[in-house]
Amino acid sequence: MKLTGVPASLFSALLLTFALQTASVAGTIKIGVAGAHSGDLASYGLPTVKAVELVVNDLNAGGGINGNPIELLIEDDVCKPEVATNTATKLVSQGAHVVIGHICSGATKAALPIYKDAGILVISPSATNPALTQSGDYPNFYRTIASDDAQARTEVDFAINVLGARKIAVIHDKGDYGKGLAEYAKTFIQQSGTAEVVLYEGVTPGAVDYSAVVQKIKRSGADAVIFGGYHPEASKIVTRMRKKKMKTLFISDDGVKDDTFIKVAGKYAEGVYATGPTDVTSNPITIAAREAHIKAYGKEPGAFFDNAYAAALAITNAIARAGSTDSAAIARILTTQEVATPFGNIRFDDRGDAIGIGFSVYQVRDGKYVQVR
Amino acid sequence: MDYFIELFFSGLTRGSIYALIALGYTMVYGIIGLINFAHGEIYMIGAFTALVVSVALSIYNFPLVAIFVLTLAAAAVWAAAYGYTIEKLAYKPLRHAPRLSPLISAIGMSIFLQNYVLLAQTPDFLPFPALIPDFAFMEPVSHIVGSSDLAILVTTAIIMVFLILFIKFTRTGKAMRATAQDRTMAMLVGINVNRVISVTFVIGSALAAVGGVLIASHVGQINFFIGFIAGIKAFTAAVLGGIGSIPGAVLGSFILGLTESFATGYISSDYEDVFAFSLLVLILIFRPAGLLGKSTTEKV
């Protein structure tokens with residue numbers, strides 16, 4: 001269909017009146033939920049829809065927020081940036097007051113400028129790209145998940161401040177996950193000013209033997225190794241280090257915080273540190289949310305469910321306390337007042353990252369991972 | 001200097017690991033000119049068999065030496081049975097087909113076996129018991145070379161010597177060489193070529209299984225995919241040394257292992273594979289048949 005000048009402007013004028021009309025329906029609070037709801041990444045997006053539905057149904061059963069009912073606008077972006085811009089435009093035109101989403105970092109990044117221009121606040125349960133908050137480009141963006149570099153930050157802080165490491169060898173497995181983490185760790189160590197990176201190397205995953213790299217670690221005089229990668233390589237490196245009687249500390253990530261690591265490395269796993277998401281399974285809100293999900297849908301919740309539940313609680317709570325759907329008012333509450341979520345009491349920093357959602361350090365003691373910090 | 005010696009020994013260990021697998025590759029290629037891509041998977045199956053047998057035996061409190069010997073024997077027999085069956089099923093029907101057909105069949109077999117173990121066993125990594133104990137006499141040098149390193153090195157040397165003697169002096173060995181030189185002529189003088197090829201696969205597979213047991217014990221973990229990377233590296237080593245030649249496979253493996261180790265130690269492990277394969281390209285440019293390979297002229 002080809003629209004010439006006059007009908008096109010007429011068409012958009014009509015659209016505008018339509019949008020104004022829907023926005024003016026008295027008192028309804030519209031929450032957009034955007035993410036991958038179909039396609040191969042649907043399993044990342046659908047649990048968020050369910051989490052938001054559970055929270056909103058609860059609120060609506062009690063009369064909504066300050067007496068105003070909540071309406072959900074659920075839109076699919078298939079996790080694709082080019083679709084996400086359409087999704088965002090659609091949500092804006094439907095008059096969403098806030099948006100919970102998107103799920104994938106790429107899609108989120110593409111959609112954010114549209115929400116920013118429309119003055120809509122966005123909160124994602126799963127977009128972990130560090131730049132989304134740290135660049136300062138999107139003041140309207142918040143998230144209830146730790147960013148990709150948070151884990152490296154935790155590892156480096158722990159190595160330097162708690163373990164007192166001064167010479168650190170950073171090793172990775174050349175993969176996206178491991179190398180990404182190692183690069184952040186390297187930057188943070190260099191920025192710390194108190195410790196130095198004495199070795200930065202990638203190893204080939206699946207190689208039969210890592211003794212050459214272990215010799216190199218030994219020669220570098222490192223007092224700690226930070227490894228970015230998964231447990232098969234970590235267990236080979238740790239075993240080889242201990243067999244060579246090296247007492248160098250070994251700190252790794254949640255790719256290693258896996259019971260298979262302990263099973264495979266056996267006695268050599270003892271004393272190894274690994275970071276992992278803070279355990280929230282004993283939090284009463286987490287338990288209640290899980291039970292509500294099982295009651296409503298008959299199965300265990302999926303990926304990012306807790307994060308989405310926290311996002312929905314944070315945003316609805318902020319609207320209730322602000323007494324308005326104005327972005328600035330909501331933002332003020334989000335950054336100043338704590339809210340109870342599956343992760344405990346959280347609030348947001350000025351950049352939009354949640355304070356209180358992050359990683360803990362675990363250590364292998366007597367064949368089990370024990371939280372040490 | 002200490003650092004150099006340490007790197008040298010770590011290179012030797014790697015080299016002898018490659019050699020244990022490369023020997024089987026090169027034997028099969030030498031006899032029927034087929035690159036048996038399923039060889040790495042036979043190595044993996046040998047390791048899995050060893051895991052099952054050794055765990056079962058340790059439940060009955062067998063002494064470590066008995067566990068080691070019985071495990072080795074069981075893995076070798078079981079893997080040999082696999083090798084024999086694969087040859088009969090996947091390669092024999094294609095004996096007179098164009099060269100590409102058995103090669104594709106071999107790749108298919110490799111993928112099949114990987115997924116078969118994935119489904120029948122587990123996609124996870126499994127811990128492999130240390131069947132080679134830490135010898136007391138190795139204690140003073142254990143920071144340079146471990147007990148399992150030494151065991152692998154010695155086993156590789158023994159197997160290589162036995163194989164060379166076997167092929168040079170036994171009746172079957174002579175039949176193998178004859179088959180390798182000219183299959184039709186070998187048939188004409190009364191050699192049972194099918195039997196010779198079967199024997200080759202049985203020996204090659206048993207060797208891979210021995211490798212599987214020793215290497216898994218050294219590394220301490222196995223899963224269904226270990227055969228792939230080990231197989232690729234061993235194949236590279238066999239080509240480097242001259243595929244079809246038994247001392248060549250061992251030499252090629254040591255050169256590959258040492259190159260990787262020194263490249264890691266003095267330059268960076270990020271480029272470990274780059275150096276290994278650059279070396280392969282260089283050697284093949286100047287010696288297309290590999291270091292010890294015989295360049296044969298094709299008679300038209």
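How many residues does the contact take from chain B and from chain A? In this predicted model, the contact takes 26 residues from chain B and 26 residues from chain A.

Let's look at the chain B side. The elements giving two or more residues to the side that touches chain A are H1 (2-32), H8, H9 (226-241), H10 (246-267) and H11 (272-286), each a helix of chain B. H1(B) gives the most, with 7 residues.

| H3(B) with H8(B) | 15 residues | 6 residues | 1 residue |

Now for that helix pair within chain B. The axes of H3 (residues 64-91) and H8 (residues 193-219) of chain B come within 7 Å and cross at roughly 140°, which makes H3(B) oblique to H8(B). The crossing of H3(B) past H8(B) is right-handed. On the H3(B) side, the residues that meet H8(B) include B:Ala75, B:Ala76, B:Ala79, B:Ala80 and B:Gly83. Among their counterparts in H8(B) are B:Phe201, B:Gly204, B:Ser205, B:Ala208 and B:Gly212.

Chain A can be described as a whole. Chain A holds 13 helices and 15 strands, and its C-alpha trace spans about 75 × 50 × 40 Å along the principal axes. Of the 373 residues in chain A, 49% are buried. Among contacts in chain A with a separation of 6 or more, 66% are between residues 24 or more positions apart.

Notes: Residues numbered from 1 in each chain as written. Chains lettered and ligands numbered in written order. Predicted model: local features only at pLDDT ≥ 70, side-chain atom pairs only at ≥ 80, totals over all residues. Axes fitted to C-alpha atoms, helices over the stretch in contact; angles between N-to-C directions. Helix = DSSP H or I, 4+ residues; strand = E, 2+ residues; numbered from the N terminus. Parallel < 35°, antiparallel > 145°, perpendicular 65-115°, else oblique. Left-handed = near helix turned anticlockwise from the far one by under 90°. Contact = placed C-beta atoms within 7 Å. Nonpolar A, V, L, I, M, F, W, Y, C, P; charged D, E, K, R; others polar. Buried ≥ 20, exposed ≤ 12 C-beta atoms within 10 Å, placed from the backbone.
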